[in-house]
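Student: I have a model open and want to know what backs the labels put on it. Can we go through them?

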Amino acid sequence: MSGPLTHTVATAPVAERRSVLRDPSFLRLWAGTTASGLATWAMPFVLGLAVLDGTLTAGALGLVLATRTAGFLGAVVVGGVLADRYSRRAVVWWSGLAAGLASPVLAAGVGRSVTVMALAGAVIGAGQGACRPAFQALTAEVVAASLRQRANAAMTLSVRVTTLTGPGLAALLAAFLAVPLLLLGTALLWLAAAAVPPRGRHAPAGAPAAGERTGFAAEFAEGVREARRHPWFLAGLGALAAVITTGYSATGVLLPLVSRDRYGVETVLVAATTAYTAGALLGALLIARWYPRSAGWAALAGLAAYGLAPLSLWLPVHPALVVAAYAVAGVGIELFNVPWFTATQREVEPRQLARVSSLDFLVSYGLAPVGLALIAPAAETFGPGPVLAVCTVVCFLAPAAAALVPTTRRFASR
């Protein structure tokens, strides 16, 4: 596989690729997705600060985050159907508006009512879930096909920069502002995410006539059938689900334990997580300019690189190797994400793109909590070593198995 991956192919003139950063419509879309990503990240972090100052209990935080996840998973399917049925821009508007209006309710409930906070968290999660497939489909409308890889890389860059710099900025603001005020700041971010993005070119199909009404389930099933027409998509999604359920979950749960028990310091935990984000930032910069000939194989190789993270926790290696493994895993995950999103936007039938994207988010986001819930009991029963060993093997083998599907070589059915 190394031969094809060492070559690049120019899919558009260099000057044309650069023009995406000068396109006002794309910059508006980028600003909107960045605002939604920042608001999504900030909410659990700010509530974590409330736990630290005693305003909120850890149990209450867990409940609010659980209802947010439930809202996300429920709305991502509905949002995908609505974004294919109506204007993608309208779905972004209403979902961002819902999350923006629920954020002050969440702020009002801090220290007063966990029930109010949980309900507000569910609405915020629903807004987040509904806007994700709409944003994916809107990108395909706003950005020309030859420019989408660079556009997707620019969007993920903003997410990684936020993740890298956000904790320090939030902690600094927390020294001057109370938690409810910080949550009101997330409301402004959601309103910006709703208002800033441009209109796309999608011609809404509209609601089916009364005599031919099929319902959300049937329309989502139509999107599933569209996904099944693309073997590379099913193979890649299966590999991603396996890596998230095992490797991502294992590293999230067991890294703090290994950092404490093996190395006796929390520095490894902080350094590894920072290295992962920095690696992802580097990966996004790389894939913004690198167009591998066998894009699918390159992406799956990047996904398999995540196996280095549980491998480094499994083996008794120097802490510097743990940090390095997390950095490589971060690079690899973006070498997968950007071509994956770009291929989906290129290959899927445009009128069903939001539904196929919602299937992607439903599987990837839905399996993460399952893995997190299973890893800790498994480690207590069998020990961390065997669990990390299994997760390492799965992370390496799942992308390799996906690469055996013929159409995965270029993430293209044609």
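Tutor: Here are the labels, each set against its cut-off. Keep in mind that this is a predicted model.

Student: Start with the whole chain. How do you know that its radius of gyration agrees with a compact globule?

Tutor: A compact globule of 414 residues would have a value near 22 Å, and the chain has 21 Å, so the two agree. Along its principal axes the C-alpha trace spans about 60 × 55 × 45 Å. Of the 414 residues, 51% count as buried.

Student: What secondary structure does the chain have?

Tutor: It has 16 helices and 0 strands.

Student: Why is Gln345 called buried?

Tutor: Buried means under 20% relative accessible area. Gln345 has 4%, so it is buried. It is found in helix 14, residues 319-347.

Student: Which residues is Gln345 in contact with, leaving aside neighbours within four places in sequence?

Tutor: Gln136, Thr139, Ala140, Arg148, Asn152 and Leu353. Contact here needs heavy atoms within 4.5 Å.

Student: And why is Leu177 called partly exposed?

Tutor: Partly exposed lies between the buried limit of 20% and the exposed limit of 50%. Leu177 has a relative accessible area of 36%, so it is partly exposed. Leu177 is found in the loop between helix 7 and helix 8.

Student: What makes the nonpolar patch on the surface?

Tutor: Leu169, Leu172, Leu173, Phe176, Leu177, Leu181 and Leu184 form it. Together they have about 670 Å² of accessible area. Two elements give two or more residues each: helix 7 (148-174) and helix 8 (179-195). Helix 7 gives the largest share, 3 residues.

Student: Which residues of helix 16 are buried, and what covers them?

Tutor: Val387, Leu388, Ala389, Cys391, Thr392, Cys395, Ala398, Pro399, Ala402 and Ala403 are buried. Their cover includes helix 10 (231-261), helix 12 (295-304), helix 13 (308-314) and helix 15 (353-382).

Note on methods:
Residues are numbered from 1 along each chain as its sequence is written. This is a predicted model: local features need pLDDT of at least 70, side-chain atom pairs count only at pLDDT 80 or more; totals for chains, interfaces and linings use all residues. Side-chain values use heavy atoms; hydrogens and water are left out. Patches are made of residues with over 30% relative accessible area and no salt bridge: like charges are joined within 9 Å, nonpolar side chains (Val, Leu, Ile, Met, Phe, Trp, Tyr) within 5 Å. Accessible areas come from the Shrake-Rupley method with a 1.4 Å probe; for residues, only the protein chains shown count as cover. A salt bridge is a side-chain nitrogen of Lys or Arg within 4 Å of a carboxyl oxygen of Asp or Glu. Helices (H or I, at least four residues) and strands (E, at least two) are DSSP runs, numbered from the N terminus. Buried means under 20% relative accessible area, exposed over 50%, partly exposed in between (1.4 Å probe, protein chains only). The radius of gyration is taken over C-alpha atoms; the globule rule is 2.2 Å times the number of residues to the power 0.38.
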